[in-house]
Amino acid sequence: MLDASALDRAHALTLWREMLRIRRFEEEAVELYSRGAIRGFLHLSIGEEAVAVGAMQALAPEDAIVSTYREHGHALARGMPAQALMAELYGKANGCSRGRGGSMHFFDVGRRFYGGYAIVGGGLPIAVGLALADVLQDRRRVTACFFGDGAVAEGEFHESMNLAALWRLPVLFLCENNLYAMGTALERHQSQPDIARKAAAYDVPSAAVDGMDVVAVEAAARRAVDAVRADGRPYLLEARTYRFRAHSMYDPELYRTKAEVEQWKRRDPIVTFAAQLATSGVLDAGERARIEAAVGAEVDAAVAFAELGAWEPVEDLTRDVYAAAAGERTR
Amino acid sequence: MTRVTYREAVRAALRRALADDVRVFLMGEDVGRYGGAYACSHGLLDEFGPARVRDTPLSESTFVGAGIGAALGGMRPIVEVMTVNFSLLALDQIVNNAATLRHMSGGQLGVPLVVRMATGAGRQVAAQHSHSFEGWYAHIPGITVVAPGTVEDAYGMLLAALAEPDPVFIFEHAGLYPMEGDFDEDARPPLHGACVRRAGSDVSVITFGGSLPKALAAADALATEGVSAEVIDLRALRPLDTATVLASIAKTRRAVVVDEAWRSGSFAAEVCARIAEEGFYDLDAPPVRVCGAEVPIPYPKHLEDAALPQLATIVAAVRGIAQRR
């Protein structure tokens, strides 16, 4: 339960607004997908917003982020402009990756957002390497690496935890446990479904937190990041959360019951936090309407920006395959 | 100019790179205390310390991926994957991350990573330790694939690779490590571009890496019977220097491509396709391939020898095509 006296009012509203930005952005993306403006895969984090927003509060601008193919929320919470993200969903040249990556591959080097990795587990070694580069160059930074419960079954999870611990690298391993590896439930793919406990095998400190509670996630992430910064060692934080929508845009959801989904929706992080804020007098109807309107306007502006964006010229198809001029190395 | 082994040339390049650039570090399985599975890094741990010569766990995917991450973070990593056979465990990092990040990020990221590995057969280590997959890697846009076949290239291509802004994969044929050759530490051969290792007029023998000494020996043998073979060392598989190949074909009008890998889908097939596409009307005979037999490489010497291009098979192929009109 929220302790309003302990929580700065403005910060509380920021947390709520940031979660709402992700929700509205993704809801709009669903509409655009239905209209055909967005194609390909579209993995939504609706229901999981508290993890992205809570965790990102603990990270400084000089820290690095490595993410997954379900990374719209991470990118927005990191401060990447909604416009550049929406344009990326469109595949336009004004997208954050020039439109080349789409939903699964957001990049923003300026904000040290090192990308969405779409092979499960593939980002973890990258995070280890970024942290190694920091250590070798005497920079005291943290690299935060998001991944899902599905990645825990990949060898790279175990290899990366081991290597980061062995070499004392400042990596925050942040598991967004939404209970399903695509359609395979956690207890159907893990002999030990308590993910946080796995860290002990690598002598890595860990904690689990309620991923539907943004305040709890922020507090846990701050403890974790403080530990990483202080000790220069990795930490595993498991946020237990739930994906309200399909794995990608559509799936028949044969692997879970509607009742289960409805039960989790009662713990919607945005709805429950709004109720707490209302009860404690932080969020009244007027303030709520103002935030809703501002977020709606931001999403509308993002869509307009994407619509107006140009397509990358076909002549640039092979640009940036290598740093050399296009075509020089393409055969 | 001194005589050194290929192994010593690799070690000299590693030492030079570590000494010249604080961003360079070496990591891989047993590169430190053990001195490298092929002794290429022997002594470097003592010289440069454990921060820069790093023994890794047997976690190929993660230490190759960490090399990519460290490159993104401003370092110039040299990752030694002990052999190409083990690189299969790191394929996802190579194919999906190292090769894609610059393009997929719209040009924001670059991965200045050098990965070295031993490749090839011929040492009676059986099917799982005898692969030649450099042709597979050459399939992938976004990376550069080189196969030094001389002592000078073993040294110079590693240093040239470190100057590249994108990932470079160096395939060192395990059979070449004891080979001696001339060595000039100031020589700086380019990273890619084929070259004529022996000039000739009757047949072009096109090869790379571990098959280069065999092709040169075959050319010597053929000369005694009056056949003049020109030996082209491709040096790099990606980018492939088609122009040098075509110029040679225009002169000799006959091509034999030697590649230790299995024939089907081999790099030799790519070379032949380019010759057919761009040099067809220069040819007096169909191109010929001398490749590995399509079997898991067997342990006994007589069977392994039979599975690989040999001096005799190269000589026979060249002799055969030289006689065709």
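Me: What pLDDT does chain B average, and on what scale?
Reply: Chain B averages a pLDDT of 97, where pLDDT is the predictor's confidence in each residue, from 0 to 100. In chain B, 100% of the residues score at least 70. The model scores ipTM 0.96 and pTM 0.96. This is a predicted model: local features need pLDDT of at least 70, side-chain atom pairs count only at pLDDT 80 or more, and totals for chains, interfaces and linings use all residues. Residues count from 1 along each chain as its sequence is written; chains are lettered from A and ligands numbered from 1 in the order in which they are written.

Me: Why is E18(A) called buried?
Reply: A buried residue has 20 or more other C-beta atoms within 10 Å of its own (exposed: 12 or fewer; partly exposed: in between; C-beta atoms are placed from the backbone). E18(A) has 23, so it qualifies as buried.

Me: Where does E18(A) sit, and what does it contact?
Reply: E18(A) belongs to helix α1 (residues 9–35) of chain A. Helices are DSSP runs of H or I with at least four residues, strands are runs of E with at least two, and both are numbered from the N terminus. Setting aside neighbours within four places in sequence, E18(A) contacts V53(A) and A77(A). Contact means C-beta atoms, placed from the backbone, within 7 Å.

Me: What makes β3 and β4 of chain A a pair?
Reply: Pairing needs at least two bridges found by DSSP. Strands β3 (143–148) and β4 (171–177) of chain A have six, so they count as paired. Their sense is parallel. One bridge links F146(A) to L174(A) in β4(A).

Me: What makes β2 and β7 of chain A edge strands?
Reply: The open sheet of chain A has six strands in the order β2-β1-β3-β4-β8-β7, with parallel pairing. β2 (113–117) and β7 (206–210) each pair on one side only.

Me: How is helix α9 of chain A oriented against β8(A)?
Reply: Helix α9 (214–231) of chain A runs at about 170 degrees to β8(A) and lies across β4, β7 and β8 (235–240). Such angles go from 0 to 180 degrees between N-to-C directions, using lines fitted to C-alpha atoms, for helices over the stretch in contact.

Me: Which element of chain B gives the largest share of its side touching chain A?
Reply: The contact takes 36 residues from chain B and 36 residues from chain A. On the chain B side, α3 (60–72), α5 (91–98) and α6 (101–104) give two or more residues. α3(B) has the largest share, with ten residues. That side holds 15 nonpolar, 18 polar and three charged residues. Nonpolar covers Ala, Val, Leu, Ile, Met, Phe, Trp, Tyr, Cys and Pro; charged covers Asp, Glu, Lys and Arg; the others, Gly among them, are polar.

Me: How does the span of α9(B) compare with the expected value?
Reply: The expected span is 1.5 Å times one less than the number of residues. α9 (212–224) of chain B has 13 residues, which gives an expected 18 Å. From first C-alpha to last, α9(B) reaches 19 Å, close to that value.

Me: Which elements do the buried residues of α9(B) pack against?
Reply: They pack against β9 (195–198), β10 (203–207), β11 (229–233), β13 (255–262) and α13 (311–322) of chain B. Among these buried residues are L212(B), K214(B) and L222(B). Just after α9(B), G226(B) takes a positive phi of about 85 degrees.

How values were computed. Contact = placed C-beta atoms within 7 Å.
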